[in-house]
Amino acid sequence: MSNSAAGPAELVFTRVFEAPRELVFQCMTQPEHLTHFWGPAGTSAPVEHITVDPRPGGVFETVMINDADGSRYPHSGGLRRGRPPERLVWTEAHSGMTVTVNFTDLGGTRTGVEIRQVNVPEFARSPEAQAGFLTSLDRFAGYLATRSAGPNTRRTP
Amino acid sequence: MPSAGTAVPQDQLDATFTALADPTRRAIVARLARGDATVNELAAPFDLTLPGISKHLKVLERCGIISRTRHAQFRPCHLEAGALEPAAAWIEDNRRIWAERFDKLDAHLRDLQRGPASDPRRIPPEKPAPPEGRPPMNERSNQ
């Protein structure tokens, strides 16, 4: 059984924003914008700790700080081939996970943002291998969400 | 806890995700979520031979997603829901982080576009409102 037969798993998250694509792309690549939204609820992402060099080989570094106890969550990614303002790709240093952000101009001032997260070994990153992605694990996530609608749903943070 | 998945060994996640990366195996898991089933019952909906389905079952069994009774004659397969927990938690963490980022980004984009120059609703203090100012036409669509 060859390695490529093991389909890499992928997570996909999408959202449509009421803003032109260039602006949404800027938000995702400029520290002064990222600081407003990079940290999820309960955390902040101070602008002085954000470094983005959007060229291939550049870095995408952030630190999220827990508002409650000051814990720090550094994130460091190496940027890969992107295509401003359509696509941004980085690979996380600590997990090897590759995150692709696709920006789709939906006409007017609407922009679709699609986050694709894959954690695949280097050998599987060829376009041929990627064409084989059939996973879309969000279906699985949806299925799990239905299943976990039972009593013990809430996991503590 | 923004750093998703740090509590779970990466190789365990890899094994679970790899097992679930196959549509047949996902379908098997979905079927077993409704109750235990024998290999024959599991093979029925698929165009697969029994050895073919057994191969998938072995993958799922190896990473602990399913178990098979040792003693019963037909060895029904059982979904070990707990085995999916780490993967489910990892997915949920990531989903939540991006959902919250998107919420904040949405608010930030609204703020940016509500700047004095671009928003017809914001009227500079010195200037009176234009007589035929159109009402704001921003339709809200939360997706």
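User: In which hand does H1(A) pass H5(B)?

Analyst: A crossing is left-handed if the near helix is turned anticlockwise from the far one by less than a right angle, and right-handed if clockwise. H1(A) passes H5(B) in a right-handed crossing. Helices are DSSP runs of H or I of at least four residues, and strands are runs of E of at least two, numbered from the N terminus. This is a predicted model, where local features need pLDDT of at least 70, side-chain atom pairs count only at pLDDT 80 or more, and totals for chains, interfaces and linings use all residues. Residues are numbered from 1 along each chain as its sequence is written, while chains are lettered from A and ligands numbered from 1 in the order in which they are written.

User: Which residues of H1(A) and H5(B) meet?

Analyst: Two residues are in contact if their C-beta atoms, placed from the backbone, lie within 7 Å. From H1(A) come Leu23(A), Val24(A) and Cys27(A), and they meet Leu105(B), His108(B), Leu109(B) and Leu112(B) of H5(B).

User: Which residues of H1(A) are buried?

Analyst: A residue is buried if 20 or more other C-beta atoms lie within 10 Å of its own. In H1(A) these are Arg21(A), Val24(A), Phe25(A), Cys27(A) and Met28(A). They fall within an arc of 155° seen down the helix axis, so they line one face of H1(A); the arc is that of the directions from the axis to the C-beta atoms.

User: What share of chain A is buried?

Analyst: Of its 157 residues, 29% count as buried. Chain A has four helices and eight strands.

How values were computed. A residue is buried if 20 or more other C-beta atoms lie within 10 Å of its own, exposed if 12 or fewer, and partly exposed in between; C-beta atoms are placed from the backbone.
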